[in-house]
Amino acid sequence: MAKKTDDKMNRLVSLCKRRGFIFQSSEIYGGLNACWDYGPLGSELKRNINGFWWEAMTNRRDDIEGLDAAILMHPDVWKTSGHVDEFTDPLVDCKTCKSRFRADDLENQSKCPVCGNNTLTDPRQFNLMFKTFMGPVEDAGAVVYLRPETAQGIYVNFLNVKNSSRQKIPFGIAQIGKAFRNEITPGNFIFRTREFEQMEMQYFIHPSEDEKWFEYWCQERWNWYLELGIRKEKLRWHEHGPDELAHYAKKALDIEYEFPFGWKELEGVHNRTDFDLSRHQQATGKDQSYIDERFAEKFIPYIIETSAGCDRTLLTVLVDAYDEDPSRGDKSTVLRFAPKIAPIKAAVFPLVNKDGLPEIAEKIYHDLKKEFKVFFDDGGSIGRRYARMDEAGTPFCFTVDGQTKEDETVTIRDRDSMEQTRHKIAELAAILLDKTK
Ligand code: ATP
């Protein structure tokens with residue numbers, strides 16, 4: 001069973017490389033562990049996922065503002081937030097084979113899972129933040145950190161955003177951006193990496209309404225994954241028990257997905273109480289409280305956080321969409337992406353490379369290109385061209401054939417059902433818009 005799982009993951013990883021979704025970082029130098037590059041199809045897919053999150057979390061709403069904060073922040077931010085002292089994982093070394101592990105990942109705390117010797121060190125706390133230096137002098141006073149989460153950029157801008165946007169509580173601030181963690185055991189492809197991107201939203205509320213808004217955001221985020229096209233039966237909730245709960249959190253629920261390597265966290269919804277703003281107020285002396293006409297009082301807002309990973313969502317989308325369909329012949333792989341996030345929305349083919357068909361197909365391609373990410377292909381048999389688009393997850397193929405010259409229609413081939421229907425060329429843009437929104 002484990003072998004089958006590994007095989008499927010291996011085939012997905014190899015498809016990702018072959019078709020230009022994801023490459024190992026610095027591959028020609030032997031690669032850099034736990035860092036990955038998104039290729040032509042991967043970068044398009046990531047932009048579409050991020051875009052859909054942004055649309056759902058900001059554009060469709062009146063109560064959430066966007067933010068794009070710097071990766072480098074004042075080092076005191078990370079002292080105040082607790083990251084300098086507490087953002088650690090327990091690290092264990094094997095004295096024999098030099099392997100390193102997260103103590104909480106080990107089933108047997110004394111035996112090395114790689115070489116089998118009882119030569120593991122005691123766990124010691126290892127801080128996951130990457131450090132660098134600001135300016136030309138590399139001394140302790142110049143240390144800055146690559147942010148390990150985007151959330152702090154939101155907290156320290158709470159007043160700026162509130163005052164400039166004139167939002168009233170409850171309201172949120174959303175941000176997509178890079179985060180860095182020096183993970184002890186990264187792995188499972190892009191599931192756990194050292195450089196990754198987060199999509200985080202912090203919702204500022206009156207403390208008396210925390211349960212209501214926590215429920216609301218759990219529901220909203222669950223529905224977002226369904227809208228993204230993820231199969232419902234592959235998703236579940238996991239509530240943090242008292243031993244898992246972060247010290248600042250009153251309640252935390254994770255949305256988990258069933259990956260080939262097991263059920264794993266996709267996103268966390270957290271009730272962070274007034275911990276973050278209170279700490280920043282204490283450290284800076286800047287009043288973070290809010291005066292609410294509805295409650296006729298001054299208070300420090302509670303925060304409900306929704307924290308998701310772009311890369312992890314992209315992996316989920318890939319795993320969930322990946323299908324091997326033997327009825328399609330040798331090249332049987334299909335990526336069944338929801339059309340709205342597919343990297344290429346449609347491909348345009350001339351059935352044969354003669355009789356004026358390529359010219360008609362090229363015109364259709366150039367017209368559609370103004371509005372959609374489309375692809376032109378006149379190479380090889382039509383079956384091979386369909387198969388290449390199935391592997392890229394392209395939901396529709398438009399084929400120009402002999403009949404096109406008679407009645408200005410083309411066939412639309414549906415990736416999932418493989419059915420073909422005829423439509424007027426003039427209607428293609430409207431059809432594509434409707435099917436990909
Ligand atoms: P874990 O306990 O698995 O290390 P976490 O609970 O600390 O993760 P959070 O701090 O809640 O994770 O991060 C929020 C989200 O950011 C995660 O749900 C995940 O999608 C993403 N994320 C966190 N760490 C990584 C990583 N190293 N690589 C890729 N995505 C990550």
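At what angle do the axes of helix α2 and helix α9 cross? In this predicted model, local features need pLDDT of at least 70 and side-chain atom pairs count only at pLDDT 80 or more, while totals for chains, interfaces and linings use all residues. Residues are numbered from 1 along each chain as its sequence is written, and side-chain values use heavy atoms, without hydrogens and water.

The axes of α2 (residues 40-59) and α9 (residues 310-321) cross at roughly 110° and come within 10 Å. Helices (H or I, at least four residues) and strands (E, at least two) are DSSP runs numbered from the N terminus; axes are lines fitted to C-alpha atoms, for helices over the stretch in contact, with angles from 0 to 180 degrees between N-to-C directions. The two helices α2 and α9 are therefore roughly perpendicular (65 to 115 degrees). Contact (heavy atoms within 4.5 Å) involves residues including Leu45 and Ile49 of α2 and Leu314 and Val317 of α9.

An open sheet of 5 strands shows mixed pairing, in the order β20-β19-β21-β22-β23; two strands pair if DSSP finds at least two bridges between them. Strands β20 (374-376) and β23 (420-424) are at the edges with a single partner strand each, so one side of each lacks a neighbour in the sheet. From one strand to the next, the twist averages 25°. Strands β19 (residues 346-350) and β21 (residues 396-400) run parallel and are joined by 5 bridges. Pro350 is opposite Val400 in β21.

Helix α11 (residues 382-392) lies across β19, β20, β21, β22 (409-414) and β23, at about 170° to β19. Helix α13 (residues 428-436) also packs on the sheet, and its direction makes about 165° with that of β21.

Terms used. Angles under 35 degrees count as roughly parallel, over 145 as roughly antiparallel, 65 to 115 as roughly perpendicular and the rest as oblique.
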